[in-house]
Amino acid sequence: MQGHIRKRGKGSWTVVIDLGRDPAKGRRRQLWQSVKGTKREAQSLLVQLLHQRDTGIDALPGKITVAEYLHRWLQDYARPNTAPKTYRCYEDIIRRHLIPILGTMPLTRLRPQHIQAYYSQALQTGRLDRQGGLSARSVLRHHQVLHTALRHAVKWQLLARNPADAVEPPRPGRHELRPVGPEEVRRLLSAADAKPHSTLVHLAIMTGLRQGELLGLRWQDVDLGASVLHVQQTAQWLPRQGFIFRQPKTAKSRRAVALSPETVRRLRQHRQRQLEERLSLGPAYQDHGLVFATPLGMPIDPSNLRRAWGRIVKAAGLGHLRFHDLRHAHATLMLQQGVHPKVVSERLGHSGVGITLDIYSHVLPGLQAAAAAQLDSLVNGTTSELR
């Protein structure tokens with residue numbers, strides 16, 4: 001017998017766990033634990049005690065708090081199984097938001113209403129500066145992290161069920177992307193040509209690569225003769241850790257992207273300037289093989305790029321644009337030029353064309369109208385010839 005529950009009275013239960021026989025005396029050993037509450041709570045404790053018996057978890061039965069569990073989940077699951085940047089995001093949400101509100105509660109007593117109340121409070125007063133609430137998108141992210149952590153608690157037999165399953169997280173409003181037109185792109189490129197990182201900006205617009213993919217791009221990944229680059233790694237900057245280089249997290253992100261003749265020309269010029277800088281500096285140049293690097297050959301700090309980008313958009317009179325919007329501009333312009341969404345999806349490294357169509361649905365109405373007009377012209381022209 002592994003364990004069972006006995007009813008003692010109204011709202012009172014006893015959980016009995018079999019600990020096997022004493023090897024010295026041969027007697028049967030059992031652990032008895034009283035529970036006041038519902039039968040479901042007693043069943044949850046039974047599951048937790050059985051797991052503690054089988055795994056040797058060093059915590060008092062039924063006394064593991066939400067904080068203790070989340071700390072353990074970060075160390076045992078999140079750290080070895082997620083990217084460093086993702087882990088830091090999980091850790092930040094857990095330590096700065098979830099634990100201060102839910103941390104002291106016993107894990108087995110965490111209920112959907114506790115989680116729902118936390119979401120409501122976070123939306124109203126959740127900002128760390130006490131100047132209001134968090135956005136619905138931020139609270140949804142908290143829900144995703146907590147739900148994932150509690151799902152592992154069920155797998156590890158610390159909980160009978162995931163209380164976050166019965167919670168309704170906030171639903172952020174759909175963010176409509178502001179399309180960047182050809183004239184704005186030309187203004188950006190003209191402003192960038194007069195400042196550092198001009199080739200970086202040009203490549204972002206003409207390929208749709210993410211910032212981390214651009215900063216991690218190496219010359220060995222670029223074939224100028226074949227007019228193609230291969231996305232093989234990304235660069236991430238972490239506080240107190242510096243730069244790390246990682247493979248893209250999905251197979252679709254590891255991709256080949258064709259280059260236009262003008263882009264190839266700019267990259268050749270950029271490489272020539274970089275070689276001249278390297279020769280002039282001599283041993284002081286630290287060659288990491290990066291396409292985009294500092295004058296000393298080191299990876300570009302994202303904060304420095306952000307400041308440089310601010311000067312570019314200010315000079316172009318487009319201060320509302322983010323660097324990431326160059327990726328959206330690439331996709332939007334290609335779709336407007338009639339490029340098949342599947343091709344755009346492959347260039348962007350999306351996991352499927354459905355994601356591309358969902359993100360850039362604002363472009364589709366115009367494309368559908370143009371397609372309808374073309375079909376109308378074709379059909380009318382054919383009919384006219386038949387007559």
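**Overall form**

The structure is a predicted model. The protein chain contains 14 helices and eight strands. Its radius of gyration is 29 Å, whereas the globule rule gives 21 Å for 387 residues; the value for the chain is well over that figure, so the chain is more spread out than a compact globule. The C-alpha trace spans about 90 × 75 × 45 Å along its principal axes. Among the 387 residues, 41% count as buried.

**Aromatic pairs**

A pair of aromatic rings is described by two quantities, the distance of the centres and the angle of the planes. In the whole structure, a search finds five aromatic pairs. One of these joins Trp 73 and Tyr 77, whose ring centres are 5.7 Å apart and whose planes stand at 25°; because planes under 30 degrees apart count as stacked, this pair is stacked. Both residues belong to helix α2 (residues 66-81), where they are four residues apart, about one turn of the helix. Trp 73 is buried, with a relative accessible area of 0%, while Tyr 77 is partly exposed, at 23%.

A second pair is formed by Trp 309 and Phe 323. Their ring centres lie 5.5 Å apart and their planes meet at 85°, so the pair is edge-to-face. This pair links distant parts of the chain: Trp 309 is in helix α10 (residues 302-316), and Phe 323 is in the loop between α10 and α11 (325-336), 14 residues apart. Both Trp 309 and Phe 323 are buried.

Ring pairs also link Trp 73, Tyr 77 and Tyr 90 into a cluster. In a contact of another kind, Arg 271 lies over the face of Trp 219, at 4.9 Å from the ring centre.

**Salt bridges**

The structure holds 14 salt bridges.

| Arg 186 | Glu 183 | 3.5 Å |

Arg 186 and Glu 183 both lie in helix α6 (residues 182-193), three residues apart, about one turn of the helix. Arg 186 counts as exposed at 51% relative accessibility, and Glu 183 is partly exposed at 46%.

Arg 266 has a relative accessibility of 15%; because buried means under 20%, Arg 266 counts as buried. Asp 193 is partly exposed, with a relative accessible area of 45%.

Arg 265 and Glu 262 are three residues apart in helix α9, so about one helical turn separates them. Both are partly exposed, Arg 265 at 38% and Glu 262 at 33%. Salt bridges that share partners join Asp 193, Glu 262, Arg 265 and Arg 266 into one network.

**Single residues and the surface**

Gln 48, in helix α1 (residues 39-55), is buried, with a relative accessible area of 0%. The C-alpha atoms of Gln 48 and Asn 162 are separated by 13 Å, although the residues are 114 residues apart along the chain.

Leu 375 has its place in helix α14 (residues 364-386) and counts as exposed, at 53% relative accessibility.

Notes. Residues are numbered from 1 along each chain as its sequence is written. This is a predicted model: local features need pLDDT of at least 70, side-chain atom pairs count only at pLDDT 80 or more; totals for chains, interfaces and linings use all residues. Side-chain values use heavy atoms; hydrogens and water are left out. Helices (H or I, at least four residues) and strands (E, at least two) are DSSP runs, numbered from the N terminus. Buried means under 20% relative accessible area, exposed over 50%, partly exposed in between (1.4 Å probe, protein chains only). Rings of Phe, Tyr and Trp (its six-membered ring) pair if their centres lie within 6.5 Å; planes under 30 degrees apart count as stacked, over 60 as edge-to-face and the rest as tilted. A charge sits over a ring if NZ of Lys or CZ of Arg is within 6 Å of the ring centre and within 35 degrees of the ring normal. The radius of gyration is taken over C-alpha atoms; the globule rule is 2.2 Å times the number of residues to the power 0.38. A salt bridge is a side-chain nitrogen of Lys or Arg within 4 Å of a carboxyl oxygen of Asp or Glu.
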